[in-house]
Amino acid sequence: MLNLNWTDFPEVWDNLEETDKHSLLMQKDGVQKPLDESVWGFENESVLIQGDNYPVLQKLLKSLKGKINLIYIDPPYNTGNAFTYKDRFSTGKNQDTHSSWLSFMKRRLMPARELLCDDGCIFIAIDQSELYVLKLLCDSIFGEENFVNDFMWLHGKGKKDTWSRTLQQHTLCYAKNKSLLKPFVETEKTDWAKRNPDNDPRGNWFNGSISFSEKRSSPNHKNYFTITSPSGIKWTRQWLCSKEEMDKLLKENRIYFGKAPDYNKVPRVKVFNDENKEIIPKNIIDCVESTRHAKEHVEKLLGIKDIFDNPKPVNLISHLIEITRMKKDALILDFFAGSGTTYEAVLELNKKDGGKRKCILVQKAEEPLEKNPLGTIADITWQRMIKNAEQFGLQKPLKIIFE
């Protein structure tokens, strides 16, 4: 593994005693009361924590270490562009922005790893400005063997310069322990079947894999069994479905053994057009909305023009959560919450599949901006969460203040 070296720049929160001086206050109906950090009690409902995410993550470790199923973050990209939060890191005379940014990210990614459960994973949005150093930083924290992929989102017309147009933004994904992470799955509606070799009255179909090869099959696997073709040929191997599911497929004439009368081909499953099929997800994401649509959505939701720059589309984050196949009551963390897209994505996904996922959002107040009549960035996050809760017929989420 390549080593990444930089000048480390400390933060005041490196001193745990300084962090411990500050309290977490639960805010409800205009009243604040101290929160017992040893028994948070909000694992069963969503919450916004307003405060600097570095000390907040240290606080979360006290009771939620190893309990977060999935993390999504969209941190500052260190681009120098005018974002609604600090996005240029400098260190005085030398302007060592890379070192300052890496120091900032390392301090947050290390506790993030500890918060993940053993079969959990993290998605980190980034553009090309710091992509390659972020990859090396994550390799050192999570282990390069736990790198899953770079899920590249095609976000619109792209960003152009003299030489090229960049169409994608990046989302690095790392597992806490890749050997325990479930394989990712995407559902896709089939429309590519052009043939009907056996004149099936249901129409054209595509033959998909339904088994491992004999060499790759494990005799000890629960799905290792024998099926017999119409011509009497026996096929014993590890199948991609249970015996009960296979019996159903055989009864419905969904297993193709080749042409009559020989029926001597390796068994394949028939997949008809307009059917949903589970596939390995592509790392190019072109099935979600653009940045422009996401911005218009937030403006419409909050009723304020130009309220937040470059929010992520709701269906981008719900797509990433969905392909992981995490349990339907997963606890999801976003500690660069921004406009609060992750909360809405969780609600959308719960509505779609009946899940009971909950999320913890963390957002620093930041400085009030003239174009933000709501106040700080955290105020935007909170107002959007309230609107989303009303939209989905839910009670208002919890709000906790770190101060």
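Analyst: What follows sets computed values against the definitions behind the terms.
This is a predicted model, in which local features need pLDDT of at least 70, side-chain atom pairs count only at pLDDT 80 or more, and totals for chains, interfaces and linings use all residues. Residues are numbered from 1 along each chain as its sequence is written, and side-chain values use heavy atoms, with hydrogens and water left out.

User: Why is C138 called buried?

Analyst: Buried means under 20% relative accessible area, exposed means over 50%, and partly exposed lies in between, with a 1.4 Å probe and protein chains only. C138 has a relative accessible area of 0%, and therefore counts as buried. C241, at 7% relative accessibility, is buried by that rule as well.

User: What makes T228 partly exposed?

Analyst: The relative accessible area of T228 is 37%, so this residue is called partly exposed. T228 belongs to strand 11 (residues 224–228), where strands (E, at least two residues) and helices (H or I, at least four) are DSSP runs numbered from the N terminus.

User: Which residues does T228 touch, leaving out those up to four places away in sequence?

Analyst: Contact means heavy atoms within 4.5 Å, and T228 touches I233, K234 and F257. The side chains of T228 and K234 are also joined by a polar contact of 3.5 Å, a term for a pair of N or O atoms within 3.5 Å, of which, within protein, one must be able to donate a hydrogen and the other to accept it, while residues adjacent in sequence count only if both atoms are side-chain atoms.

User: Which residues have the most contacts inside the largest nonpolar core?

Analyst: A nonpolar core is a set of buried Ala, Val, Leu, Ile, Met, Phe, Trp, Tyr and Cys residues joined through side-chain atoms within 4.5 Å. The largest has 79 residues, and L109, I122, L134 and L333 have the most contacts inside it.
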